[in-house]
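Please consult the sequence and structure shown next.

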Amino acid sequence: MIGGLFIYNHKGEVLISRVYRDDIGRNAVDAFRVNVIHARQQVRSPVTNIARTSFFHVKRSNIWLAAVTKQNVNAAMVFEFLYKMCDVMAAYFGKISEENIKNNFVLIYELLDEILDFGYPQNSETGALKTFITQQGIKSQHQLKEEQSQITSQVTGQIGWRREGIKYRRNELFLDVLESVNLLMSPQGQVLSAHVSGRVVMKSYLSGMPECKFGMNDKIVIDKQGKGGTTDDTGKSELGGSSGKQSIAIDDCTFHQCVRLSKFDSERSISFIPPDGEYELMRYRTTKDIILPFRVIPLVREVGRTKLEVKVVIKSNFKPSLLAQKIEVRIPTPLNTSGVQVICMKGKAKYKASENAIVWKIKRMAGMKESQISAEIELLPTNDKKKWARPPISMNFEVPFAPSGLKVRYLKVFEPKLNYSDHDVIKWVRYIGRSGIYETRC
Amino acid sequence: MTDSKYFTTTKKGEIFELKAELNSDKKEKKKEAVKKVIASMTVGKDVSALFPDVVNCMQTDNLELKKLVYLYLMNYAKSQPDMAIMAVNTFVKDCEDPNPLIRALAVRTMGCIRVDKITEYLCEPLRKCLKDEDPYVRKTAAVCVAKLHDINAQLVEDQGFLDTLKDLISDSNPMVVANAVAALSEIAESHPNSNLLDLNPQTINKLLTALNECTEWGQIFILDCLANYMPRDDRESQSICERVTPRLSHANSAVVLSAVKVLMKFMEMLPKDLDYYGTLLKKLAPPLVTLLSAEPELQYVALRNINLIVQKRPEILKHEMKVFFVKYNDPIYVKLEKLDIMIRLASQANIAQVLAELKEYATEVDVDFVRKAVRAIGRCAIKVEQSAERCVSTLLDLIQTKVNYVVQEAIVVIKDIFRKYPNKYESVIATLCENLDSLDEPEARAAMIWIVGEYAERIDNADELLESFLEGFHDESTQVQLQLLTAIVKLFLKKPTETQELVQQVLSLATQDSDNPDLRDRGYIYWRLLSTDPVAAKEVVLAEKPLISEETDLIEPTLLEELICHIGTLASVYHKPPSAFVEGSRGVQHKRIPARAGSGESAESPDVGQSGSAEAPPAVIPSQGDLLGDLLNLDLAPPTATIPSVQPSMQMGAMDLLGGGLDSLMGDESDTLGDIGGSPSMGAGLGVAPAVMPTALGSTPAVGGGLGDLFDLGGGVGMPSGSYVPPKAMWLPAMKAKGLEISGTFARRGGVIQMDLSLTNKAMSVMTDFAIQFNRNSFGLAPAGPLQVLTPLSPNQTIDVSLPLSTSGPVMKMEPLNNLQVAVKNNIDVFYFSCQYPLSLLFVEDGKMDRQVFLATWKDIPNENESQFQIKDIHLNSDAASNKLQGSNIFTIAKRTVDGQDMLYQSVKLTNGIWLLAELRMQTGNPNYTLSVRCRAPDVSQFVYQCYELVLKN
């Protein structure tokens, strides 16, 4: 298991050092600094073995988190734990920076003591942790007995992510379907790979211990219902928006630990008791019938050895009534670029020498439109034998629909013990599609 | 208030100041002081001098302060054991506190204080906490048992904590269960033989129930523990799989990977024709692909694991090539791993896409990545024959870029392509020669020289080219020197007239001016060859080379099996068994995959049909691919493919050894499996691969060895299987084999033929790298796996090994019929000996003939094929004899009694399908039996008689 956990600043100075196992000595702290942090770019793997000691590291801005072990630990678990550690710290004191870590080092030690015991990760849900690791200096006598046992049963219990007795005057929930659409297209316009990775983020402000059921236009579910002849349309009108579009094939999905996985496996129904506040209910991935919101058509011509002509057309491919926002096209330029002239029909374009790219920004663009940019790039003559690698043209944007075609069909809430029903809950759904890695080779 | 100020106090006299502050009356000041102490401790300053003062602050109701003091204690208690005792009272008191958080904190901290005296005091509180009413305390206490065990294992056993821990597996709280499982697993790991984690269907059921309810981390502990379980049968295996599959949808990648591990392992037990098996295979792909959308570090772990999974079960991801395409912004470690997997998945169906991608990558910036991409193109050419031409033209395009390292890498892989498809692409040689001057890496130079030497007759100025290299001969690396020597000798043999001077020059450079023994020896060998018999030299040096095979970097099947059992862990990231990087006893156990139901005890001894055995691919390299194939499809290719180099080296004798060695100079490179013959230093052309295989192919050989010993002790009687095993005979005396002594015998156990060997080292030095091969023999006996000598054999040590044999090797009639010629290799030399096996080895289990068929066959076999023998001095009645013979697969079909004479009619079937019919006549009171044997191959009868005699008399 994890033998120790260290946090360093960018210089390699230790900010936090917590050793869990006897086989990890103080020299491990230095070994990592010398062999990884100071080695700069030489280390090419997130797992390093130095003198029979294994180091796992992740970086957050310029802070290094390193877990150390001498055993054959579950590597995936260690990384998941390090990410979780970052989440927990962020939930307590915001951005992970040297300043914040130094300011909260006592808290961090307290957290590390709680969420990692002898190197075994323990309950690390912020919701639960915040009930008893507060930095208020709890005096043990002042805590009521019930309160204490409530805390412990929550930390160890089956529903470790939610405490009892939550009350809201207004029961409300927000669902965000956030998708990032990824594309790799050949210069000829052939889709080399495309996929959507989506997340359903829920903000729940519900009283008691509500039992929820979430439904979407999952092909498997719809087909099953279609066969049975009982179409369950009750939920549809409730949340509106779903114009009865066909179902989508989900390649794979993963769920927050509140979702009952065995039930999903057997019935493909998504039921759960949600944590309070904001959390990620599910992640999913689709590869079929993706709506690609933009198409990029590049044209690069080398004129002699000192000039390049670039023309890029972008076409929007969605309903004309919808508006895409924050559109940005990034056209890479060679390292020996000396000057660039740009002409674009819409938006603003600029050559950014520091980034070796022409950045073309458009605030808004409606569906079924097209726009164009052309540029002349002057090159310095070089005797560098190596050809320019021509990195792909990348794009950023945001569209108000889900490129995968996913629709929320319903989210039902049941709380039998309290006197509110599904109809009393105010529900909001929002779809946002963003570009992930959206690249066209040129 | 900001705490960062504590990090900046670095004045002198600080310790004194702190001391004063710690003893202050004001609580706030005290707390501040402790914080400063902890900050100094973090930065690495020694603040142990403050021990008594800090411990004095322990008695407080401020939880935050208490935790800080505990943190200090954990760090320094070991250096101040006597003072640490002062803290014990507080701990013991805290363990009784009404607040469960405090109780847990006390027991948690106490376990981290590694002071013997304190551990004694820990026992009572721990015992109470293990039975605490609050689950939070119990889950903490469970881990504490593991801590205590790490400090003092004996104490934990004496105090009976292990049993309490086992009871916690049935706890009502899932987190307590999970922690108990984690603690028990860890303790069990340091006691490999204890049956601590006594997993049985009941406990498994409890674990599976807890799996649905506990935290993500708890699920990982439980899944990792489940993976160690061996289901009783395929049904249990399936039901566990069914309950584990929902975990594949968990958001936590580690849960997913651990679930994959359990499934990959248990799947092995399911019959392949089962519908569920197919369903399971389909279910595995999507979660694996999803792992690739995780953060890059996790992607890396996932990719390393996918690399293993793809080798074990390529079918799972064969349609998912695209997700492994490299993204421009992927970190380099992700890129390199993806590239590896792309090559593994490359097939005729997707090769066009893959090639287009690889070509893109070859123009990227990162040198390592570009090199690997170029190399990958070469590997595609070798793997997918249809694509070879396209690959070669892609490589030529890349050479035209003139980017130095691209060109060099391309030349190295083109050499490999030449070795796979000789005489097909020489047209590109001209282009290659143009780049001769830009080559500065030894590997590329050696490759280019090899090409020039190999195709010397078609390159007009080959002599000039090679001569140009010769100028700086002594500055070249050994690799290049060796290559140059061979290339020039080749050239000379092809164009003797104009290159005599050149060859003399290189021979003298190699033999007289070099300090390198390899180079010198090779030079001498050539010199003598050329001077004594140029024709022979030609045959040796220009002998046809074996083709190289596609998979050059597959993990050996045994290691792969073990790594599959370690999916998700560091071992799977390093692609090394845990013993390679973990110190001490932990992780030394080798895990293995359970065998498929119905495949007998060993996954490696497929029941091989006679068909196709003789035409094992003639000269393909000891392709581990085939071995893998065997593991995957138990009924596929014959296992002879594992050591195919037997045939050539055996037939051609010493000649071939030389030829193989000299010609495959590439043997120096790690990635060429080309040297089938083995370079001289490797010796004897016994496939190198088997010798380096570190672990047992399966459990059978090792277990078999043990069994063999037992049987030997018993003098070879009364075995459960009943077949007679002769005692070990001396086969190879130490005198003849430079100190290696081999004795052995043969046995047939549960339908598997085994050769039991005792290897004794009577020399003064350690022996390693054992390997074994058989010459062709009458019944096609061949090793079904490599010789499993895992540890070096030290002087005066004896190792018993059991080598499973198959009967699918090449067949050649021997004299006598049951003669077997064996070659055993070790680090010292190769030794040959011959031995004889009892024919009963080949009597198969289904040798009982139908009565009617027996009668018909008996009549059908001509009389002159009948032989009669006398077996003397047997004191058995007919039933006892019949039973005894049945044990050796000689089946009695009918018994007749005429005039006080018992007649047994018996049948025997040999592995090659030959039937033997026998009539055994015995008269009561007469110790002499008469045996009449009828067989279509009368040569065998004699040996059958010997078997009868052996079996009946022992």
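This is a predicted model: local features need pLDDT of at least 70, side-chain atom pairs count only at pLDDT 80 or more; totals for chains, interfaces and linings use all residues.

Residues are numbered from 1 along each chain as its sequence is written, chains are lettered from A and ligands numbered from 1 in the order in which they are written, and side-chain values use heavy atoms, with hydrogens and water left out.

**Sheet in chain B**
- An open sheet of 3 strands has the order β4-β7-β8 (chain B), with antiparallel pairing; strands (E, at least two residues) and helices (H or I, at least four) are DSSP runs, numbered from the N terminus.
- Because β4 (771–774) and β8 (830–836) of chain B each have a single partner strand, they stand at the edges, and one side of each is left without a neighbour in the sheet.
- On average, neighbouring strands of this sheet are turned by 25 degrees against each other, direction ignored, with axes being lines fitted to C-alpha atoms.
- Opposite B:A823 stands B:Y832 in β8(B).

**Residue A:N171**
- A:N171 lies in the loop between α6 (145–156) and β8 (172–185) of chain A.
- A:N171 is buried, at a relative accessible area of 8%, where buried means under 20% with a 1.4 Å probe, protein chains only.
- A polar atom of the A:N171 side chain lies 2.9 Å from the backbone nitrogen of A:S207.
- Beyond its neighbours within four places in sequence, A:N171 is in contact (heavy atoms within 4.5 Å) with residues including A:Y205, A:Y420 and A:D424.

**Helix α16 of chain B**
- Among the buried residues of α16 (residues 275–290) of chain B are B:Y276, B:L280, B:L284 and B:L288.
- The cover over the buried residues of α16(B) includes β11 (252–255) and β13 (277–286) of chain A, together with α14 (234–244), α15 (253–267) and α17 (296–312) of chain B.

**Interface of chains A and B**
- In this interface, 95 residues of chain A are in contact with 109 residues of chain B.
- Across the interface, the rule finds 13 salt bridges, each a side-chain nitrogen of Lys or Arg within 4 Å of a carboxyl oxygen of Asp or Glu.
- A:D265 and B:K283 meet through their side chains in a salt bridge (3.9 Å, N to O).
- Helix α2 (residues 75–93) of chain A gives the most to the side of chain A that touches chain B, with 8 residues.

Terms used
Buried means under 20% relative accessible area, exposed over 50%, partly exposed in between (1.4 Å probe, protein chains only). A polar contact is a pair of N or O atoms within 3.5 Å; within protein, one must be able to donate a hydrogen and the other to accept it, and residues adjacent in sequence count only if both atoms are side-chain atoms. Two strands pair if DSSP finds at least two bridges between them. Axes are lines fitted to C-alpha atoms, for helices over the stretch in contact, and angles run from 0 to 180 degrees between N-to-C directions.
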